Amino acid sequence: MASLGRYLLISAAITAVLIAVIAAAYLSGYAGGAGGNELARAKSSERGLFSVSMKPEAGAVRIGETQAWLVTIRMKSGQPVENAAIHVAGGMAEQNQGLPTSPQATDYLGGGSYRIQGVKFPTPGWWQLRLWIFAAAGTDSVIFNVVL
C-alpha cells in the first residue's frame, strides 16, 4: 500500500511539472499559438491591414553576419503596397537583448517588395523582427520570429 501511495505522489508531481512546462511554453510564445504561425515567413499584420512576407535575401539565415532581408507587403486584396515607410526593430525578448545593428529599409524594389539591410543575429536563439508599416492604407505592424 505504501508503494501505491508513493507512485501516486510521484505521478502527481510529474503531472504538475508537465503542466507548468506547457503553460510556460504557451505564455512565452513557443507553443505555436495564433494559428501555428509563430515561425511563419508570411502572415497578416496585427490590425489586419496587410499581408506581409519576409525572407533572407541570401536564402539562409546566418548567425553573426550582417545580411539583407526581402519584405513583400500586400493589401488583403492582393494589391502591392507601393512606397511604404518601414521601421525595423528587433531582438531577443527572453534575454532582454536588442539587435546589435539598426536595420533599415533601404530600397523599394517594386511590386510591394522592399530590401531591409543591416540585420544581424549574433547568437543562436529565439529572435524577433518587428516591422512598423506606414502606408496610404494606414499604419500597422507585424512580428516575425526567427529561431537559430
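Is strand β9 (residues 138-147) enclosed by the rest of the structure or left open, and how many of its ten residues are buried?

**Figure 1. Strand β9 and its pairing with strand β8 in the predicted model.** Seven of the ten residues of β9 are buried, so this strand is largely enclosed by the rest of the structure. Buried denotes a relative accessible area under 20%, exposed one over 50%, and partly exposed the range in between, with a 1.4 Å probe and protein chains only. Strands β8 and β9 run antiparallel and are joined by ten bridges. Two strands are taken to pair if DSSP finds at least two bridges between them. Within this pairing, I133 stands opposite D140 of β9. A hairpin of two residues connects β8 to β9.

The model is predicted: local features need pLDDT of at least 70 and side-chain atom pairs count only at pLDDT 80 or more, whereas totals for chains, interfaces and linings use all residues. Residues are numbered from 1 along each chain as its sequence is written, and side-chain values use heavy atoms, with hydrogens and water left out.

**Figure 2. Overview of the secondary structure.** The protein has two helices and nine strands, which follow the pattern α-α-β-β-β-β-β-β-β-β-β along the sequence. Helices (H or I, at least four residues) and strands (E, at least two) are DSSP runs, numbered from the N terminus. Of the 148 residues, 30% count as buried. Among contacts with a separation of 6 or more, 59% are between residues 24 or more positions apart; a contact means heavy atoms within 4.5 Å.

**Figure 3. The open sheet of five strands.** The strand order is β1-β2-β3-β7-β6, with antiparallel pairing. Strands β1 (42-44) and β6 (104-110) stand at the edges and each has a single partner strand, so one side of each is left without a neighbour in the sheet. Neighbouring strands of this sheet are turned by 25° against each other on average, direction ignored. The axes are lines fitted to C-alpha atoms, for helices over the stretch in contact, and angles run from 0 to 180 degrees between N-to-C directions. Strands β3 (residues 67-75) and β7 (residues 113-119) pair in the antiparallel sense over five bridges. Here Q67 stands opposite V119 of β7.

Figure 4. K43 is buried but has no salt bridge. The nearest side chain of opposite charge, that of E38, is 5.5 Å away; Lys and Arg count as positive and Asp and Glu as negative, while His and the chain ends are not counted. The K43 side chain reaches the backbone oxygen of I143 at 2.8 Å.

**Figure 5. Salt bridges of the protein.** The count comes to four salt bridges, each defined as a side-chain nitrogen of Lys or Arg within 4 Å of a carboxyl oxygen of Asp or Glu. The side chains of E46 and R130 meet at 3.0 Å, N to O. This pair links distant parts of the chain, with E46 in the loop between β1 and β2 (50-56) and R130 in strand β8 (residues 126-135), 84 residues apart. E46 is partly exposed at 48% relative accessibility, and R130 is partly exposed at 24%. In a further salt bridge, the closest N and O atoms of R115 and E57 are 2.9 Å apart. R115 lies in strand β7 and E57 in the loop between β2 and β3, so the pair ties together parts that are 58 residues apart in sequence. R115 counts as buried at 18% relative accessibility, whereas E57 is partly exposed at 37%. E65 and R62 form a salt bridge at 2.6 Å, N to O. Salt bridges that share partners join E57, D107 and R115 into one network.

Figure 6. Most residues other than glycine have a negative phi. N96 is placed in the loop between β4 and β5 (97-98), and its relative accessibility of 73% makes it exposed.

Notes: Polar contact = N/O pair within 3.5 Å; in protein donor to acceptor, adjacent residues only side chain to side chain.
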